[in-house]
Amino acid sequence: MDFLDIFLNANFWAASLRIATPLIFGVIGALVCERAGVLNLGIEGIFTAGAMAGWMAVWLGAGLWGGVAVAALAGAFFGLIHAILTVPLGLSQHVSGIGVTLFATSLSYFVYRTALPDVSSPPRIEPFKPLDIPGLSDLPFIGPALFQQTALTFLALFVVAATAFVLYRTPLGLAIRAVGDNPSAVESQGLSVYGIRIGAVVAGSALMALGGAFLTMSAFDAFFFGMVNGRGWICIALTVFASWRPGKALLGALLFGAFDAFQVRLQTDVGSFIPGQVFLMMPYILSIAALILVARKADYPRALLVPYFRGQR
Amino acid sequence: MPSAPTVLQLDQITKRFGSFTANDAVSLSLKKGEILALLGENGAGKTTLMNILFGHYVADEGTVSVADRSSGALTELPPGQPHAALEAGVGMVHQHFTLAENLSALDNILLGTEPLFSARSARAKGRARLVDLMQRSGLTVDLDARISTLSVGEKQRVEILKALYRDARVLVLDEPTAVLTPQESDTLFETLKTLAAEGLAIIFISHKLDEVIASSDRIAVLRLGKLVADQPTAGSTKLQLAELMVGQTVTLSSRPEQAAGRVLLTLQGASAGDGRAAIHDIDLALNSGEILGIAGVSGNGQATLARLLSGLEPLRKGSLTLEERDLGRTLHGQSARTMIEAGFARIPEDRHKDGIVGAMSIAENLAIETIRAPQNQRFGFLKFGAIAERARAAIKAYDIRCQGERAAARLLSGGNIQKIVLARTLEANPKVVLAAQPSRGLDVGATADVHRRLLDARARGAGVILISEDLDELMRLSDRIAVIHRGRLGPAEATETLDRSTLGLRMAGHDHAADAGEAA
């Protein structure tokens with residue numbers, strides 16, 4: 001059958017990794033926030049803000065890495081808003097998160113429209129180019145499948161490793177894991193619950209914004225309305241799927257990327273007699289199915305969604 | 001030890017919450033190697049005082065001073081900074097453990113002891129120090145075990161190790177025995193005495209007079225935020241301390257002789273629930289006019305048993321009969337209402353969560369269980385006048401201290417909330433009263449009130465099931481006592497034939513069969 005051939009094509013694997021990249025940033029960002037006990041539903045808007053801010057910076061003349069830094073700062077800014085509302089003020093994390101998403105999305109569109117009032121087709125920038133790694137990229141099959149990605153994809157993979165190291169090997173990671181389980185454990189050891197939670201939400205939001213930046217600076221070369229298209233929400237689901245572990249988060253993002261790459265190719269194979277929308281649904285249906293299988297046993301951070309107030313138990 | 005240096009000094013501490021004064025010019029000092037018991041009723045300000053010492057609260061007036069590590073001179077602590085207290089050598093073991101359940105014991109102890117932004121954690125070094133510390137103090141735990149897998153006693157040892165690892169010189173324990181078996185409590189106090197002999201100064205908060213007299217060097221008593229006594233333990237008596245705590249003469253209600261009546265309630269081979277809290281094959285017979293005590297360390301199935309008898313948990317196996325009426329079948333339908341209508345009164349363990357609806361008024365809370373009865377409604381409309389009138393009567397009869405029947409129930413203190421629960425359940429003349437931890441967290445006065453009401457119900461001919469972890473309470477009130485361990489209930493035996501150590505052993509899981517086997 002044709003659809004088995006899809007897996008033998010290096011192009012499919014390259015596409016899976018490419019599609020997975022923004023999800024890797026997003027799911028790791030969401031994971032860092034939630035490990036500290038804060039659900040960040042601002043993710044969808046932070047993706048949009050990162051996409052817009054990174055692209056806009058480059059369009060205005062900054063270097064590509066400068067654009068990445070601007071995107072991260074934009075994410076950190078919206079993360080800080082969410083953190084202040086939910087951590088010291090203890091407001092509903094759901095309400096604040098949705099608010100941040102609406103605010104960040106609208107503000108991004110507003111800035112874009114204000115800067116470019118009369119443009120009918122979005123202006124383009126020169127995006128990141130696939131890296132040519134001497135030796136590895138030239139390997140047969142493996143080279144084109146895995147080693148012809150842009151620098152941001154490799155940064156995403158590095159972020160997974162770095163997050164796993166920080167969470168499980170350093171005192172900071174210990175404090176983040178503890179504050180998401182029982183904040184009073186952290187307070188009673190003389191650490192600041194608010195400081196750790198705010199820091200984690202800001203850092204996690206900066207990572208989310210890099211996922212957005214990948215869209216405008218690597219996957220595409222321009223900013224469109226609606227281009228984030230639910231990727232943030234997928235990341236929230238993937239976090240549960242991953243049981244809040246960076247390794248499993250990477251796996252989940254890659255699986256989703258693979259489903260997506262697969263359905264695109266399947267469409268061209270058998271699209272003549274099955275409507276294309278069925279294939280578009282596939283990654284989402286499969287991620288719901290995976291969640292049903294995994295989520296029952298999910299090991300939620302115990303203090304997730306629970307605000308902490310000093311002097312109360 | 002009169003010559004030992006002072007390591008801690010609380011000077012004229014005052015703390016107000018709004019118009020309420022939780023601590024009123026309290027001064028205390030503590031010497032090296034001394035064990036001080038801080039005694040007082042609930043709401044007397046003990047925990048507030050210790051939270052000020054530890055920097056969780058900021059005092060309105062007064063200062064906390066701790067001896068400097070090197071010079072020994074008393075140095076004032078900056079207020080409101082837990083890490084300053086930790087650095088000065090004050091360690092605190094809270095009543096509700098402050099442990100992250102998803103981490104190992106070692107991780108919990110190391111948490112916050114290293115600079116946050118160091119690249120690696122010095123776990124090997126920390127582990128070596130802890131192994132040494134465990135050997136010296138006799139506090140042993142599996143350092144690699146996840147906290148969620150440890151028993152309550154082990155968690156408490158982790159908490160103490162946390163403090164010792166930071167070189168604590170003052171250790172504060174808030175109600176340390178509240179969750180322990182009698183044997184575990186004895187071990188804890190032996191450990192504390194060892195630690196004190198090595199120079200650690202210890203404050204433990206308690207309202208159990210026996211352990212205070214047995215295990216402290218000095219006793220400080222707080223009443224309504226004021227320090228009313230600070231005296232050596234030698235020469236103190238239970239009665240004198242009780243009167244200092246309450247501020248008036250205390251009469252402990254005792255159980256009058258009374259012959260038990262006919263069998264009211266029987267459970268045969270009853271199983272319910274699942275997991276660690278499940279109950280298995282429980283046989284129980286409750287007579288009218290008796291109090292049946294159920295002893296056990298919390299988490300051994302008491303909660304499931306209480307939920308079963310409240311109609312909140314289906315009976316999986318066996319039978320449940322009230323006066324020859326089979327209730328097991330209706331229980332499959334999960335109805336608390338069936339049970340209430342059959343004559344069960346439920347005094348739930350967590351009175352704030354399960355006993356009242358906090359946002360509703362006192363009158364509504366009093367009527368809530370019988371809201372369909374004709375005295376409360378007509379054609380589906382509530383009779384507000386009648387409900388309010390009965391509420392005013394109940395407030396008077398049960399001495400519920402409140403601003404009126406329309407006040408929200410959540411505004412009341414624990415003791416007054418319990419009075420609402422008692423008024424609601426006992427006014428209906430129930431056949432069976434299920435009292436789960438009815439005096440937990442209540443002060444001496446409110447406890448005496450609860451006990452009197454339960455004895456009244458018994459005198460009236462009701463059968464009372466009293467689930468409690470407080471052996472003194474059980475032995476004073478119960479006609480018979482059975483011990484529950486890991487979901488299995490032992491036989492109920494007359495209280496006169498039992499003593500504390502037998503009950504303690506059974507609570508820890510040594511059953512009779514094994515005892516008999518050893519004796520034979």
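Chain A contains 13 helices and 0 strands, where helices (H or I, at least four residues) and strands (E, at least two) are DSSP runs numbered from the N terminus. The radius of gyration of chain A, taken over C-alpha atoms, is 20 Å, close to the 20 Å that the globule rule gives for 313 residues, so chain A is as compact as a globular protein of that length; the rule itself is 2.2 Å times the number of residues to the power 0.38. The structure is a predicted model, in which local features need pLDDT of at least 70 and side-chain atom pairs count only at pLDDT 80 or more, while totals for chains, interfaces and linings use all residues, and side-chain values use heavy atoms, with hydrogens and water left out. Residues are numbered from 1 along each chain as its sequence is written, and chains are lettered from A and ligands numbered from 1 in the order in which they are written.

Along the principal axes, the C-alpha atoms of chain A fill a box of roughly 65 × 50 × 40 Å. Of the 313 residues of this chain, 53% count as buried, a term that means under 20% relative accessible area, with exposed meaning over 50% and partly exposed lying in between (1.4 Å probe, protein chains only). Among contacts in chain A (heavy atoms within 4.5 Å) between residues at least 6 apart in sequence, 77% join residues at least 24 apart.

Helix H11 of chain A, which spans residues 231-241, is mostly covered, with 8 of its 11 residues buried. These buried residues are Gly232(A), Ile234(A), Cys235(A), Ile236(A), Leu238(A), Thr239(A), Val240(A) and Phe241(A). Their cover includes helix H2 (10-35), helix H3 (43-59), helix H12 (246-270) and helix H13 (276-295) of chain A. Just after H11(A), Ser243(A) takes a positive phi of about 50°.

Over all chains, the structure holds 16 aromatic pairs, counted where the rings of Phe, Tyr and Trp (its six-membered ring) have centres within 6.5 Å; planes under 30 degrees apart count as stacked, over 60 as edge-to-face and the rest as tilted. The rings of Phe12(A) and Trp13(A) have centres 5.1 Å apart and planes at 75°, so this pair is edge-to-face. Within the pair, Phe12(A) is buried at 2% relative accessibility, whereas Trp13(A), at 35%, is partly exposed. The rings of Phe220(A) and Phe224(A) also form an edge-to-face pair, because their centres lie 6.1 Å apart and their planes stand at 85°. Phe220(A) is partly exposed at 40% relative accessibility, and Phe224(A) is partly exposed at 32%. One aromatic cluster is formed by Trp55(A), Trp59(A), Tyr109(A), Tyr112(A), Phe223(A) and Phe225(A).

In chain B, Gln418(B) lies in helix H15 (residues 414-426) and is buried, with a relative accessible area of 0%. Not counting residues up to four places away in sequence, Gln418(B) touches Ile347(B), Arg351(B), Pro438(B), Leu442(B) and Val450(B). Arg255(B), by contrast, lies in the loop between helix H8 (238-246) and strand S11 (263-272). With the same exclusion of residues up to four places away, the residues that Arg255(B) touches include Leu455(B), Arg458(B), Met475(B), Asp479(B) and Glu496(B).
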